[in-house]
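Here's a quick briefing to read alongside the structure. Take a look at the sheet first, then the core and the surface.

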Amino acid sequence: MILQIGTGTLEIYEDGRCSLCGGRRVPFAHIVCNGRVLPATGIIPGDGIFTVCFDGIRQQVEISAGQRYCRLRALDADPSVEAFIWGPFLAEYPGECGEILGVARKDGQAVGIQALNPKTVGGFPKELVPSHPMAEQVINRKGMREPVSACAALPLHDGAALQAYCRNRTQIAYRDFFYAKDALVLPAEGEEALIAGSAVALFSCPEEEILPVISEIELAEGLPHTLVDGEWAKTARRANASYLIMDFDEKSLDEALDCAEMGGFSCLYHPGFFKNWGHFEVEGGDDTVKAAVERAKARGIDLGVHTLSNFMTTNDPYVTPIPHPNLLKMGETTLCGDIGETDTEIAIAKDEYFTRLSTLNAVRIGDELIHYKRIRREGDQVFLSDCQRGAWGTVPAAHRAGENAARLWDYDYRTLFPDLKLQQEFSRRLGEFFRYTGLKRMSFDGLACDYTGHEEYAQAKFVKEAYDVWGPEVISDASGLTHYNWHMHSYMNWGEPWYADMRNGMFDYRRSNQEYFRRNLMPPMMGWYTLRGATRKYESTTPDDINWMLSKAAGYGAGFAFNMGKDALRAHGKTKEYLSLISAWEKMRMYGDIPESLKEQLRDPKTEWDIEEVPGGFHVYRMNIAAFECSPEGAQPGMPSGGDWMTFNPYPAQKMVFRMRAGDERDRGGFSQLTFRAGEDFIRFDLRLDCGQYLIYDGGVTAEIRDKDFHLIRTVEGDGSPLKLEQGISMLLFKCVFDGEEPPYPQVKIFMRDQPVFVPLRKD
């Protein structure tokens, strides 16, 4: 039988195999029984319902072919079947794979698969990957961004394997995941536990039609269809608009909104105002958030808030004083003897879930939670030692031999987790909270629902239950992309690496993500960036840092989150200037007609840029920055010292612009009587620059002294004439007098600017 799937075909044969878009024949499906992967061995056609045969087991599949795609849906399944695997279908398109989206491309044509409900997971059962029917054809497994099990479109040497599966989740199971062996996996409930109802769509189309076809599938099949400004999030211009992260309360909201307006941000995002995670309670109640949303809305700005998804704080009512029955268990054992309510050593029957120590080391016995510090063995007996009884506000109690003792899953954030059933209450609470208050943006940070053992099904279930309540116009993201959640997330984003400065914080990861997003047709994002004050390790965020970051975002057409502290306007002297730069760069990124040649240059991490908004568009300047340092070592006290610096200006002659930094505040001392000479021009500043301070010179006869965080201390007049920088090689001579026990190293950056490139605003 030949089924039309858009511009291609799916040919189904009676021997149980199929051919996708004229490719080689492969089994139409596989089942898992007793841990073995069995291929289809026959197909009996019918009127819209086919019977697929597997070594004595039969599975009915309903097939509905439309003009643009074909829907395949499993009907009642044999109870012995542990999982049903769609395909893997062989797409002989050895071009590029959108591995998570489930699309393969070649020569302008595309073929793809879409799971049509959360229980149908894009990919292949993780524990069965060694038995994958196309395992030998997988390309460079070690170099792949995603594991074989997560790829809905798995790259092969001669094409791609389009694959999805559904587990039978009706029974308790034990699987190895994270650091636990044979961890407990509790069953799901209702129809979602069954293979019956698992469904996928197969389609083929020109490459430029991938998104329109998926949009059609979403609307026709009842999949999530997220909107931004009333337009589908995958094509809306503002889908990846940048947003401002800033802590605020009722009193500081207006100041935070002022910052959002200065930066041209349409969304102000709180890093997290919840008193607990689980019930997600707010100081002052939900009405305080609703009132804040209305205040922001009156100024044309949406509010959002950050969460840790299914992470549960130990102060949450689900934990204390009486723990909820559905706290997530790693595994269970029994007590080997009676214990009193004050005993600090507990004998247990087996230790397999208890030997790996974690942050909380949480054990549940009845309605008591216990924190243990170590495991002790004495002969054949195992003891939990140094126990804190009645941990996290629960009530200590006596317990009898034979009682159940459950090791709970926890995380380094000092949190516990809900099981598959309890997590529904988390997501419904979030959905209702957003719907009631009018909040418009949230990150599903962590989204560690796979601790339940139900992998991406649990993640999709968590997000969809919130989505179903709050509706299609809430923008959400997560740091990890999954096949079904692609439909609900407007983009993907992730937190800043706090261990590095703006330029060096995982830039290779940010850059590689752009290709990842492009392959999977997700609006691109660059992650979080933070406005940093000076620390013992890092310099305060500089203007050239901000321009560098913004130029890369513009080059990739990617949004970002800009994270500022609550007191940023006072903590950093250039906050307003930086917000103005963000506004200009973002306006150009979103609405400017940037030529591809300029985008390519902007993306280069070795390039520096500046921007100026002008009537009708923007002037974009390529910058050259020369950095020099002068050593005070060997300088005699009270005697002039300095340096001769040769610099090359590749651009037309221009005024001299530089920034001098006096080491950092850990030094002891300073320098004074600063003299600069460039060619025939010189200027002298009769001042003292202390450790950590800046001297900022802009080509005139004055300069600014600023502190370590760029707060203006004073403006000073110089003696002499403005300095100029000629085209080509120039010498800058610097003299000063050092003083103090350990005087700082003068560090100078000279800024050179090319002629501007004009980028007009688009007319559309």
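β1 and strand β2 (residues 8-12) pair up in the antiparallel sense, over four bridges; strands count as paired if DSSP finds at least two bridges between them. Strands here are DSSP runs (E, at least two residues), and helices are too (H or I, at least four), numbered from the N terminus. This is a predicted model, where local features need pLDDT of at least 70, side-chain atom pairs count only at pLDDT 80 or more, and totals for chains, interfaces and linings use all residues. Residues are numbered from 1 along each chain as its sequence is written, and side-chain values use heavy atoms, with hydrogens and water left out.

**The sheet**
- Leucine 3 has leucine 10, in β2, as its bridge partner.
- The open sheet has four strands in the order β1-β2-β3-β4, with antiparallel pairing.
- β1 (2-5) and β4 (26-27) sit at the edges with a single partner strand each, so one side of each has no neighbour in the sheet.

**The core**
- The largest nonpolar core has 177 residues, and among those touching the most other members are Phe28, Leu72 and Phe89. Such a core is a set of buried Ala, Val, Leu, Ile, Met, Phe, Trp, Tyr and Cys residues joined through side-chain atoms within 4.5 Å.
- Helix α5 (residues 455-470) gives the most to this core, with eight residues.

**The surface**
- Methionine 731 lies in strand β52.
- Methionine 731 counts as partly exposed because its relative accessibility is 36%; buried means under 20% relative accessible area, exposed over 50%, and partly exposed in between (1.4 Å probe, protein chains only).
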